[in-house]
Amino acid sequence: MAREVVITGLGIVSPIGNDTETVWEAVKNARCGIAPITRYDASDRKVTLAGEVKDLDLSLYMEKKEIRKMDRYSQYAMAAAVQACRDAGISEADEEKSWEERARWGVIMASGIGGIRTIEEEQMRGEEKGFDRVAPLFIPKSISNMAAGHIAIRYGLHGMSSCVVTACASAANAIGDAFRHIRDGYGDLMICGGSEAAITPLSMGGFTSMQAMTRQTDPARASIPFDKERSGFVMGEGAGALVLEELEHAKKRGAHIYGRITGYGVSSDAHHITAPREDGKGAALCMQEALKDAGIAPEQVDYINAHGTSTPLNDRCETAAIKTVFGEAASRLKVSSTKSMTGHLLGASAAVEAVITVKAIEQNFLPPTIHYQVPDEDCDLDIVPNKGYAYSIGCALSNSFGFGGHNATLVFQS
C-alpha cells in the first residue's frame, strides 16, 4: 500500500536570498536577482549578466576546514541542506544512535554539472605546474555526487545516498525519486534537492557559443519568460533542499508539515540533444504521468510553476504541452516562471522552484512572472504577469525539462 509523503523541511540558497523566508519575501515583492557578473571579468564577453548568489555566510553552516574541501556547488548544497534539516528538527550525526535510527534515512542531491569551477582551476594549475601537482582534493571536489556524500556524512544518513544528473531536470528527478523511495516503503526520510555553481568562464562560454543564453545587458529585459522579446536564458546559481518524510514518521517526530508531494511523472522527448519537441508531446506526457501518479484530474490543478526558461522554443513548447494536458481548463490555470527573478539554475532550478511552490501553496499566494511587457500569441496562458497576489492553491505542478529530452513533473498538494 502506497504511503503518504509530506514535506517537513525547506532550505534555499539563491540569487534572491539565502534562506526560505528571505526568498519568499523577494518572490512576493517581485524582486530580481539578475545583475552584472562579478565572478570573473566579463567586460569583453558576449554574456555579461547572471543570477549570482550574494552575501552567503558559509560559516553559519560549516567550519572552515569543511569549506576548503568543497567546490562551490557542494557548499551551496550543504548550506541548503543544513537549513532544511534545522527547519525539520533533524540533528547531526551521532554514532551511538545513527545506525539504528537512520538506516532508513537518505539523501539524493542532484547537480547538472557539478564542480566545474574546480575543474577549470585545476586544469590551469596542471598546465602551469604539471598535472602530477594538481590539488589532492581535485577529484573529491569536482565529482557531482560529492554534495550528497557530504550531507550523508554530516547527518549520519545510512540509507540511500545518490546523485541524479539529468541536466535541468536533475533536481526534479532527485525529489521525485526520493518521494517514490519513501512512498514505496524503502525509506522513511529523505533529504533531496539540487545544487549548481556554473557561473564560470568555461561554462558560460559553452552556453554562449551554443546561443542558449541572452546577450541582453538590461537586467529588466534579460530573463523574460513568455515575453515575445525573450532571447535566451540567464544563468543562475544556488541550491534548494527539501526534507521528505512518511506521514506517520513525521507525526511521531512532531515535525511541522508544509504540505504533501503526491505525484511524479517522467518522460523523454527522444528527439534532440538540446531542443524540445515543437509539439510539446514529451512534456505533455510527463505532466499526464504525474497527474495519473497523484490520482488527480487536470481540473484539480490550480497553479503550475513552469520550466519557463525565457528561450524562444522552450516557452512556446511548454505552452503547447499545457494546452494538450489541460484542454479548456488551461485558460483558467495560473502559470508563472520564477526564473524571471532567479535566472536558470540548471540542475538546481527544480529544487529552488519546489521550495517556492511549496511556500506558494502554504501561503496561498501566486508567484509572478516579472518584467513581462510584450505578449506572445504562442504563449497565451495566464502567466501572473509582474505582480503576484493572494489565491487559493490546493494543488500545484512544478515542471522541469533538460537537455537530452529529460522531462520531470512534480505534484504538490496542501
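Helix H1 (residues 20-28) and helix H14 (residues 349-363) have axes that come within 11 Å and cross at roughly 75°, where helices are DSSP runs of H or I with at least four residues, strands are E runs of at least two, and both are numbered from the N terminus. The axes are lines fitted to C-alpha atoms, for helices over the stretch in contact, with angles from 0 to 180 degrees between N-to-C directions. H1 and H14 are therefore roughly perpendicular to each other, given that 65 to 115 degrees counts as roughly perpendicular, under 35 as roughly parallel, over 145 as roughly antiparallel and the rest as oblique. This is a predicted model, in which local features need pLDDT of at least 70 and side-chain atom pairs count only at pLDDT 80 or more, while totals for chains, interfaces and linings use all residues. Residues are numbered from 1 along each chain as its sequence is written, and side-chain values use heavy atoms, with hydrogens and water left out.

In the contact itself (heavy atoms within 4.5 Å), Thr20, Glu21, Val23, Trp24 and Val27 of H1 meet Val355, Ile356, Lys359, Ala360 and Gln363 of H14. These residues divide into six nonpolar, two polar and two charged, where Ala, Val, Leu, Ile, Met, Phe, Trp, Tyr, Cys and Pro count as nonpolar, Asp, Glu, Lys and Arg as charged, and the others, Gly among them, as polar.

H14 also meets helix H8 (residues 170-183), the two axes coming within 5 Å and crossing at roughly 60°, which makes H8 oblique to H14. Here Ala171, Ala172 and Ile175 of H8 meet Ala350, Ala351 and Ala354 of H14, and the residues of this contact divide into six nonpolar, no polar and no charged.

Of its 38 lining residues, Thr274, Pro276, Thr311, Asn314 and Phe403 are the closest to the centre. Helix H12 gives the most to this lining, with five residues, and the lining as a whole divides into 16 nonpolar, 17 polar and five charged residues.

The second largest pocket holds about 190 Å³ of space, and its lining includes Arg39, Arg72, Arg117, Glu120 and Glu121. Helix H5 (residues 116-129) supplies the largest share of that lining, four residues, and by class the lining has four nonpolar, one polar and five charged residues.

Terms used:
On a 1 Å grid over the protein atoms alone, a cavity is a set of points where a 1.4 Å probe fits but cannot get out, and a pocket is an open set with protein on both sides within 12 Å along at least five of seven lines; lining residues have an atom within 4 Å of a point. Grid points are joined across faces, edges and corners, and a volume is the space filled by probe spheres set on the points.
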